[in-house]
Amino acid sequence: FVVLAFVVGIFLLVKAQQPLITIGIAMFLALALNPPVSYIAAKLPSRSRVGATALAYLLVITMLGGLLFLVIPPVVEQSSKFAGSVPSVIDTVSSQRHFLDDFVQRYGLEEQLNTSIENAKQQASDFASNIGKLLVDGATSLFNGALSMFLILVLTFLLLIEGPLWLEKIWGLYQDPKLLKRHRNLVYKMYRVVVGYVNGQMLVALIAAACTLIVVLLLSFVFDLPANLALPMAAIIFLTGLMPMVGATIGATLVTLVLLLNNMTAAIIFLIYFIVYQQIENNFISPAIQSKKVELSALAVIISILIGVSLFGILGGIVSIPIAGCLRVLLLDYLDH
């Protein structure tokens, strides 16, 4: 019966993997937002946790909206500028076409060129025939993503409101005061690990954003880049850098594309800089900061990330550091007792 129960439990966990991931993300966000919510609730005259949670949500949405307002206009402006310059680029290429024709005829590449053109036409035709399906799939994915995000935000809101009540009910079941004190201390230490991890990731993202601001400003002095791009690019790196593991890569890709609309050399230099910076951040900056925030050594941080990524992919890498910190808390408590 024990073996059967274990097998059934594993089967149910695998079947309920997606809902469990959603609940886990909501719990993680609730733990991260709990300190500001508790602070706001303590300052409110009514001590209402519902009002404090709503104010915290409003504050976060306002900050994200302000950053997006800072980022979107320059990106749209540069895209429009690039779109306006495309006709002149096409005219320039067309005027130089005779050099290409001479090269093709000299080396007998007419057949290869014609084959390439036919393949490109065929791929364009296939894309045009499937564009309806692609649009439907893209709209479906976007809708599902928005629905999942809304569900996570609702769960986080409810956890922030009801979480302390659940904890008080659980603590009320204890009959042994010493055991109650020990377990409350354990939960508090693990809570501090998660909050420290979130604060550490914000600090890592802030450092990356500050370095990006300096680099883009320096590039604007050397190349034909608008200086007002520096702050929006730093905001992009900060926003995406809040997501561990993959966020910095996404941010660097977006910044490189925006710079590419203005100056290819500047974009290549920034890409090289960020590849080097990413190695420094992953191996020195992030482990050093997170080791202090979650009270793990830098070696333990790197090992936990490697194990998390190898077992559960990107999601495992994101949650590996707080899980390792919580396991450390449990291990030290077990050894003490």
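Reader: Which residues does Asn34 touch, not counting residues up to four places away in sequence?

Author: Asn34 touches Arg49, Leu160 and Tyr191 once residues up to four places away in sequence are set aside, where contact means heavy atoms within 4.5 Å. The model is predicted, so local features need pLDDT of at least 70 and side-chain atom pairs count only at pLDDT 80 or more, while totals for chains, interfaces and linings use all residues. Residues are numbered from 1 along each chain as its sequence is written, and side-chain values use heavy atoms, with hydrogens and water left out.

Reader: With which side chains does the side chain of Asn34 make a polar contact, and what makes a pair of atoms qualify?

Author: The side chain of Asn34 makes polar contacts with the side chain of Arg49 at 2.3 Å and with that of Tyr191 at 3.0 Å.

Reader: Why is Asn34 called buried?

Author: Asn34 has a relative accessible area of 19%, and buried means under 20%, exposed over 50% and partly exposed in between (1.4 Å probe, protein chains only); Asn34 is therefore buried.

Reader: Why is Phe274 also counted as buried, and which residues is Phe274 in contact with, leaving aside its neighbours within four places in sequence?

Author: Phe274, found in helix α9, counts as buried because its relative accessibility is 4%. Beyond its neighbours within four places in sequence, Phe274 is in contact with Thr212, Ile237, Ala248 and Ala252.

Reader: Why is Leu257 called partly exposed?

Author: Leu257, whose place is in helix α8, has a relative accessible area of 48%, and is therefore partly exposed.

Reader: What makes the nonpolar surface patch?

Author: The patch, of about 1000 Å², is made by Met243, Ile250, Leu254, Leu257, Leu260, Met264, Ile268, Ile272, Val276, Ile280 and Phe284. The elements that give two or more residues to it are α8 (247-260) and α9 (264-293), and α9 gives the most, with six residues. Patches take residues with over 30% relative accessible area and no salt bridge, joining like charges within 9 Å and nonpolar side chains (Val, Leu, Ile, Met, Phe, Trp, Tyr) within 5 Å; a salt bridge is a side-chain nitrogen of Lys or Arg within 4 Å of a carboxyl oxygen of Asp or Glu.

Terms used. Polar contact = N/O pair within 3.5 Å; in protein donor to acceptor, adjacent residues only side chain to side chain. Areas by Shrake-Rupley, 256 points an atom, 1.4 Å probe, with all protein chains shown as cover. Helix = DSSP H or I, 4+ residues; strand = E, 2+ residues; numbered from the N terminus.
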